[in-house]
Amino acid sequence: MTSNAMLEVNNLVVSIADTRILNGLNLKVNKGEIHAIMGPNGSGKSTLSNVIAGKPGYIVEEGEIIYQGENILEYEPDVRARKGIFLAFQYPVELPGVRTWQFLKTSVDAIRKENGQDELKVREFDKIFEEKRKLVEMAPDLIKRSVNEGFSGGEKKRNEILQLSLLNPKLALLDETDSGLDIDALRIVSEGVNEFKNSDNAILIVTHYQRILNYINPDYVHVLVDGEIVKSGDSTLALELEEKGYEWVK
Amino acid sequence: MVLTKNISNTYQVDFKKLPIVPHWLQEIRNTGMQDFLNVGFPTARKGNEKWKYTNVSPIAGIDFRLSENETFNLKEIKEKIFWDEKWINLIFINGQFNSYLSDEIDKEPISIVPISALSNNLDIAQNIEDQLGSLIDLSDEGFAALNTAFVSDGITITIPENTMYDKLINVVFFNSGGLNAVSHPRVFVNAGSNSSTSIMETYLGGSQNISLTNSVSEIILNEGAIVNHYRLLDESSTTYDVGYGRVKLGKKSQFMSRSFFKGAAIGRYDLNVLIDGEEAYCDLQGLYLTTGSQHMDNFINIDHVAPNGKSNLLYKGILDGKSRAVFGGTVVVRREAQKTNSIQSDKNLLLSSEAEIDSKPALYIYADDVKCAHGATAGNVDAETIFYMLSRGINIEDASKLLLYGFAAEIINSIAIIELRNKFESYFLSALPDYKFEF
């Protein structure tokens, strides 16, 4: 039986140290869908995307995360990534001395290997990288620079989207990708995401503000408050939230 | 200072047996021997700040004898060292210049003369006579005094003013000595006004015996001179290597030093830079990779005497096994050295709980209008960094390798000569330990 489900989060209870962050969360994302998770600060939005990607430091007390029919909670983050889960970081990490070329080539090859493909030849990689670089309007010397080192906030976010389109995952988790972006960067990032989108993958956008949803049109909007989804609807819900504020759903 | 005087008689006996050299050089030797007998080895543990973290009693306890020369063919040597046809490659075997293995030096627009050949180059000798040994105070440095007592070979490089010399001068001191063999390499550089040159010193071990390399390098930069200086310590695990670098910077001169450590039982590099002229600049960077029971001590002093000087000091270490590294970085800004700008930093990755770093950055400021910063860190890589790499599908082994190399790359990438940078890159890539960061 083939399922259309990309991600199913069932009754997920997550804590950090003694503080409970997610409180029995349920969510289902099908292939071809874009879901937006909106919520005020501290509602657990980032925790959700981090736990799906496998970030350490969280304690999953109950529930399961089913990705393409498989519970992934026991997998290390690199295994999840090779299976097709991608997290665009809210605060992308600087890797001084690690060249972008080396980093992304290693990453692309690791994922190709998982899918039974050969490593990319240098020339092939360079060609694809160059396409993606132009897509997010990064400077040509990017490939020689250390990963994210000395980048502005906007450059770091664009670099995340470059990686998204280069690695071409099945499930993209965008954690506050719009925060700190000016209007041009927001347009570039959104275009990158829209270009990536197809009927075979899925996107989960975590955001505080409705702004990015003017550019990326979600099929579903969920409102997260105190670790639970308290309201779900279509894209009009985001506009309503923007107008009435989070107090409205609390 | 309290010092031991139990110097073995062997050194005095061997000193008397040294081959005859020109009178002026013999006088320098005599001074060296006198100072050595006065000061001895710095073995005292009390009141011995300079050598606080490096115990040299294993060295003082051995009667080291002068190394014999040995025959090698060029192919053997080329396999062991950094070599490029574009460079001037100068090979010393156990402290003695080997003209057969070295490139021709007579036709270069600068003077490159081995100390052993100075008696045939009286013009050069005349210029060097007064300056050899002028940058180092022997009365306080037993090892340097011993080197001076036994000085018989090494290289002298004199760059005429306004000469841009673009070939790397690649000086290799290859140690293949027998049991308890010692060599005393000596380097002397005089960079003329507005000249520019690049020099590399490699101390390379081939001996599996206990041996000692005891070197002294003096570098004088006249007004507006630029010197790029590279140093690689890659001795065998049974070799002790003690080296001094003494550098004097004239007005508006620039000295760039890149110092790399990979091998020696005990290694010590005492680098002292005197900012003697206005608006001079030095940029001292280093990378040490220690493992097993190795011990590396970088003892660095920058002395700002003249105003408007700038200095940058950045050292990085990767420590594994039971190894120990010492970073003593002292910057002094004298009262006259107003408008000095100085930064120093030492960063270390400790890959083993048994490895140890003693990092002592120090700053003494006697001027009031200066900008200085210093710091030292030791530690591991944070979890967020590793999570970021793993989230891109990279496994922990590859991520660790990328991070370890990335840590070292900051220093390697600052090598100005591209062929040399590439050689250092592959050299360190293959030398990095297999290590998995915890996650």
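Biologist: What makes up the lining of the largest pocket, by nonpolar, polar and charged residues?

Modeller: In this predicted model, that lining holds ten charged, eight polar and seven nonpolar residues. Asp and Lys count as charged, so B:Asp398 and B:Lys401, which are among the residues nearest the pocket's centre, belong to the charged group.

Biologist: Which elements give two or more residues to that lining?

Modeller: Chain A supplies strand 7 (95-99) and helix 3 (100-114), while chain B supplies helix 8 (396-412) and helix 9 (418-431). Helix 3 of chain A gives the most, with seven residues.

Biologist: How much space lies in the largest pocket, and why is it called a pocket and not a cavity?

Modeller: The space comes to about 560 Å³. A cavity is a set of points where the probe fits but cannot get out, whereas a pocket is an open set, so the name says that this space is open.

Biologist: Let's turn to the sheet of chain A. Why is one side of strand 6 and of strand 12 left without a neighbour?

Modeller: The six strands form an open sheet in the order 6-9-10-3-11-12, with mixed pairing. Strand 6 (85-88) and strand 12 (228-233) stand at its edges with a single partner strand each, so one side of each has no neighbour in the sheet.

Biologist: How do you know that strand 11 and strand 12 of chain A pair?

Modeller: Pairing needs at least two bridges. Strand 11 (residues 220-225) and strand 12 of chain A have five, in the antiparallel sense, so by that cut-off they count as paired.

Methods
Residues are numbered from 1 along each chain as its sequence is written. Chains are lettered from A and ligands numbered from 1 in the order in which they are written. This is a predicted model: local features need pLDDT of at least 70, side-chain atom pairs count only at pLDDT 80 or more; totals for chains, interfaces and linings use all residues. Side-chain values use heavy atoms; hydrogens and water are left out. Helices (H or I, at least four residues) and strands (E, at least two) are DSSP runs, numbered from the N terminus. On a 1 Å grid over the protein atoms alone, a cavity is a set of points where a 1.4 Å probe fits but cannot get out, and a pocket is an open set with protein on both sides within 12 Å along at least five of seven lines; lining residues have an atom within 4 Å of a point. Grid points are joined across faces, edges and corners, and a volume is the space filled by probe spheres set on the points.
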